[in-house]
Every structure is written in structure tokens, then in C-alpha cells.
Amino acid sequence: MRAEPCDLLVGAGAFSSEDKAAVYHAIETRRDVRDQFLPDPLPDDLVGRLLHAAHSAPSVGFMQPWNFLLVRSEATRRAVHAAFLKANAEAAAMFDGERQTQYRALKLEGILKAPLSICVTCDSTRGGTVVLGRTHNPRMDVYSTVCAVQNLWLAARAEGVGVGWVSIFHDADIRNILGIPEHVEIVAWLCVGLVDRLYAEPELAVKGWRQRLPLEDLVFEERWPDAGVS
């Protein structure tokens, strides 16, 4: 006989002080890594743990829309790097003057330096045409996939693994290189590798691109400020 859901509940409560500190430490020291990767290959069991953490993410309607394409081939990574360079030149031209100079000085990817890349995708058809929880917001499957990326990123930080999210490319270029079907959305290209040093603060803050906004400026109570009364 199938157990009733209430029979499957387990105890829950706050973590120990040490476990809580570890979780917050991973969150606060996670970085977008571009240039600190070590050349050592990642052990298969470590990669498996990172993927398991990603696969443990919540998903709308429990549709689990993600796939993880592991790319280790230097030839493939060089092709993706070329796609990045093309798009990055276009991106640089969108900025003016000193900001463009500052942009060109930034290193924005580690495609060739990291020993592993993971292309994370979202298959919006996996849950069928009607998905519980996606009925009124069709992007919930993509948001779910981003939760998987964050899970992987935090697990990686705990394992001493750096992750860098590359977003500067034309979708069609990566799709063609990897043979990704049209109905599958590319969500993230992640550069993954061991690290022994990280910036103490986000790299873009350290290099003067942008600073962290004060949290108190971003938290509202009950209603958007100055929204008026309807």
C-alpha cells in the first residue's frame, strides 16, 4: 500500500550553528570566477556531486526541465570561445568612452582556462503542455533551471570549485556547436574548475565596475513605494 503523504514527513528544524555558518559562508563567498582556475581535471565523483546538487533544485510542477551538457573537449571549447569573442566585440561597442575602455580591460570568461564547461539547458516540453504552477507564468521552467544553477554554484563553492557564468554569445552559435534542438533553451554556459584563491568581494566591485546596492534600499513593506492608491 502506498504511504500517505503525511507518513512521509520527516523532522525539520534549524541547523546547528556550525552548519548554518557553513551555508551562509558559501553564499557570501561565492564568486563568478573568470581567471583563477587551476588546470587540474575535476574528479568524476566531484562532478557527480555538483550535478546531484543541481538536480536537487526545486522545479515548477516538479518538471525538472534541466539538462547538463558536459564539455571537456578543447576543440569544442575553442569553438565556443570564438563565439564569445565575436559577441564580446559587439558588446564592447555598446559602451561609450571610458566605460568601453573599462569593459575591454575586464576578463569576462574562463572558457579555455577552466578544464570543464557545463551548458545548462531548459526543456519546456518535459512536463507536457500544461504544467502545474506554469499555467500563468510560462517562464517558471527557466526560473527553475536557474535554481539548479545556483545549487550547483553553492555546492561548488563548498567543494573548492570555482564557477563562472558566461552569457555573452549568440544563442544560435552555441546551439549549432552542441547540436541543441530548437525547443530546448540555453540557460547558462558555466566554466568549472578547482580554485585556491578567490576575490574577497565580487570582481566587478573590486575593479570598479559597479558596487553592491544597500539592502535597505531594495526592501519594501506591503506595497511598492509611491505607487499611489487605486
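This tour moves through the structure one selection at a time and states what is found at each stop.

**Before starting**

The structure is a predicted model, in which local features need pLDDT of at least 70 and side-chain atom pairs count only at pLDDT 80 or more, while totals for chains, interfaces and linings use all residues. Residues are numbered from 1 along each chain as its sequence is written, and side-chain values use heavy atoms, with hydrogens and water left out.

**Stop 1: the annotated region**

Select residues 27-193. An unreviewed UniProt entry gives this range the annotation "domain: Nitroreductase"; such annotations may be inferred rather than shown by experiment, and their positions are given in the numbering used here, with feature names shortened. The chain over residues 27-193 is 42% helix and 18% strand, and its end C-alpha atoms lie 18 Å apart. Helices (H or I, at least four residues) and strands (E, at least two) are DSSP runs, numbered from the N terminus.

**Stop 2**

Next, select Phe15, Val23, Tyr24 and Ile27, which make a nonpolar surface patch of about 410 Å². Patches consist of residues with over 30% relative accessible area and no salt bridge, where like charges are joined within 9 Å and nonpolar side chains (Val, Leu, Ile, Met, Phe, Trp, Tyr) within 5 Å. Accessible areas come from the Shrake-Rupley method with a 1.4 Å probe, and for residues only the protein chains shown count as cover. Ile27 belongs to helix α1 (residues 17-29). This residue counts as partly exposed because its relative accessibility is 42%; buried means under 20% relative accessible area, exposed over 50%, and partly exposed in between (1.4 Å probe, protein chains only).

**Stop 2: the largest pocket**

Select Arg30, Arg31, Asp32, Pro202 and Arg212, which lie nearest the centre of the largest pocket among its 13 lining residues. The elements that give two or more residues to this lining are α1, α5 (140-158) and α7 (203-206). The largest share, 3 residues, comes from α5. About 410 Å³ of space lies in the pocket. On a 1 Å grid over the protein atoms alone, a pocket is an open set of points with protein on both sides within 12 Å along at least five of seven lines, a cavity is a set where a 1.4 Å probe fits but cannot get out, and lining residues have an atom within 4 Å of a point. Grid points are joined across faces, edges and corners, and a volume is the space filled by probe spheres set on the points.

**Stop 3: the cavity**

At least two lining residues come from each of α5 and β3 (161-166), and β3 gives the most, with 3 residues.

**Stop 4: beyond β3**

Move on to Ser167, in the loop between β3 and α6 (171-178). Ser167 counts as exposed, at 55% relative accessibility. Its C-alpha atom is separated by 9.9 Å from that of Ile186, 19 residues apart along the chain.

**Stop 6**

Most residues other than glycine have a negative phi. Select Phe62, in the loop between α2 (44-55) and β1 (66-71); its phi is near 50 degrees, a positive value. Phe62 is exposed, with a relative accessible area of 62%. Gln64 is placed in the loop between α2 and β1, and its phi is also positive, near 50 degrees. Gln64 is partly exposed, with a relative accessible area of 22%.

**Stop 5: salt bridges**

A salt bridge is a side-chain nitrogen of Lys or Arg within 4 Å of a carboxyl oxygen of Asp or Glu. By this rule the count comes to 14.

- Asp35 and Lys113: their closest N and O atoms are 3.3 Å apart. Asp35 lies in the loop between α1 and α2 and Lys113 in the loop between α4 (97-105) and β2 (116-123), so the pair ties together parts 78 residues apart in sequence.
- Asp44 and Arg72: the closest N and O atoms of this bridge are 4.0 Å apart. The pair links helix α2 with the loop between β1 and α3 (74-92), 28 residues apart.
- Arg78 and Glu74: the side chains meet at 2.9 Å, N to O. Both residues are in helix α3, 4 residues apart, and are therefore separated by about one helical turn.
- Asp32, Arg34, Glu203 and Lys207: a network of salt bridges links these residues.
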